[in-house]
Amino acid sequence: MELGGKQTSSFMRDFLDKSGGYAVIDGGFATELERHGADLNDPLWSAKCLISSPHLVRRVHLAYLDAGANIILTASYQATIQGFVAKGFTREEGEALLRRSVEIAREAREIYYDRCTKDSSDFLRDERYSRRPILIAASVGSYGAYLADGSEYIGDYGDAVTVQTLKDFHRERVKILVDAGADLIAFETIPNKLEAEAYAELLEEEGIETPAWFSFSCKDESNVVSGDPISECASIADSCRQVAAVGVNCTAPRFIHGLISSITKVTRKAVLVYPNSGETYIAESNQWEKSSLVAEKDFVPYIGKWRYAGASLFGGCCRTTPNTIRGIAEALYGKHQGKCI
């Protein structure tokens with residue numbers, strides 16, 4: 001999409017202006033792939049579908065676009081060269097699969113635009129609906145996601161893992177995703193301050209100009225899952241010139257309001273929130289456990305409160321669906337006057 005260049009300082013502001021002041025991020029990817037029949041019991045998780053079922057990946061992207069998302073994340077969260085090589089692929093094949101994650105998302109965007117042009121009288125009649133801005137965000141999961149041992153949910157990588165270890169791990173993957181044409185890089189489910197420091201240094205060292213966001217996984221209203229204060233983590237994002245937005249994902253809805261308050265105290269960058277359903281992931285059994293508190297699956301009624309607190313980008317993470325995203329879009333923009341909004 002055209003937003004007048006990729007100056008990070010104005011990129012997100014321009015995008016939000018063109019989107020009506022707020023933006024809608026997509027929802028749970030693996031949740032939808034499984035609903036369509038994909039078996040994700042694999043170290044590659046949702047990235048497995050880049051190999052076995054790329055048509056399902058495209059279908060899920062389209063489902064979220066139809067629901068009202070204007071940022072879709074690529075199926076690369078758990079896609080790493082190291083992970084593909086461990087599954088028997090060559091390095092070159094792994095690089096091609098990473099590029100393919102961006103290509104599929106870009107194809108879905110064009111299919112969606114095409115469909116709107118052909119099928120929606122609102123799209124043709126009302127300029128407000130003309131090619132609403134849609135960004136492709138290249139998803140970069142944490143080092144813990146690659147380990148597939150649940151460490152992304154606690155942020156403890158051990159003393160042997162340093163900032164340099166993490167930079168070396170992520171470097172080629174990030175460069176490939178940028179070169180593939182992603183509009184921005186989504187560093188997601190960051191579990192500790194160490195990995196945020198590694199991302200910030202990597203972006204600077206490689207001279208990457210593509211805007212990025214840093215999104216942290218948190219265990220309460222003040223701390224990321226490792227125990228590092230969210231204020232310190234958000235400050236790292238604030239000091240990185242490539243970062244256009246900072247926020248939280250894969251976090252229980254009940255903590256979001258407090259986290260927004262903590263983040264807005266240390267940065268004036270756009271704040272994003274895309275919580276999970278409120279359930280807890282149990283790494284040992286690869287199962288989600290329902291919260292003992294009041295059911296939080298429908299957090300849409302809180303969007304107005306979170307917006308007032310200072311957030312401007314909203315979506316869903318694990319166990320959320322296109323229905324969740326449709327609800328968010330309606331909370332922000334009102335009822336759809338046609339699916340091509």
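**Exercise 1. In this predicted model, work out how many residues of strand β3 (residues 135-140) are buried, and what follows for the strand.**

Solution.
- Start with the cut-off: a residue is buried when its relative accessible area is under 20%.
- Go along the strand with that in hand: six of the six residues of β3 are buried, so β3 is largely enclosed by the rest of the structure.
- Next, sort the residues by face. In a regular strand the side chains alternate between the two faces of the sheet.
- One side of β3 carries L135, A137 and S139, and the other carries I136, A138 and V140; all are buried, which leaves both faces covered.

**Exercise 2. Find which strands pair with β3, and in what sense.**

Solution.
- Take strand β2 (residues 71-73): three bridges link it to β3, in the parallel sense. Here I71 has L135 of β3 as its bridge partner.
- Now take strand β4 (residues 184-190): it runs parallel to β3 and is joined to it by four bridges. On this side, A137 sits opposite L184 of β4.

**Exercise 3. Describe how helix α9 (residues 163-179) packs against helix α10 (residues 193-205).**

Solution.
- Two packed helices are described by the angle between their axes and the distance between the axes.
- For α9 and α10, the angle is about 55° and the axes lie 9 Å apart.
- Angles of 65 to 115 degrees would count as roughly perpendicular and those under 35 as roughly parallel; α9 and α10 are therefore oblique to each other.
- Their crossing is right-handed.
- Look at who touches whom: α9 contributes V163, L166, K167, H170, R171 and V174, while the α10 residues include L194, Y199 and L202.
- Sort the contact residues by type and you get seven nonpolar, one polar and six charged.

Definitions and conventions
Residues numbered from 1 in each chain as written. Predicted model: local features only at pLDDT ≥ 70, side-chain atom pairs only at ≥ 80, totals over all residues. Heavy atoms only, no water. Axes fitted to C-alpha atoms, helices over the stretch in contact; angles between N-to-C directions. Helix = DSSP H or I, 4+ residues; strand = E, 2+ residues; numbered from the N terminus. Parallel < 35°, antiparallel > 145°, perpendicular 65-115°, else oblique. Left-handed = near helix turned anticlockwise from the far one by under 90°. Contact = heavy atoms within 4.5 Å. Nonpolar A, V, L, I, M, F, W, Y, C, P; charged D, E, K, R; others polar. Buried < 20%, exposed > 50% of the residue type's maximum accessible area, 1.4 Å probe, protein only. Pairing = 2+ DSSP bridges.
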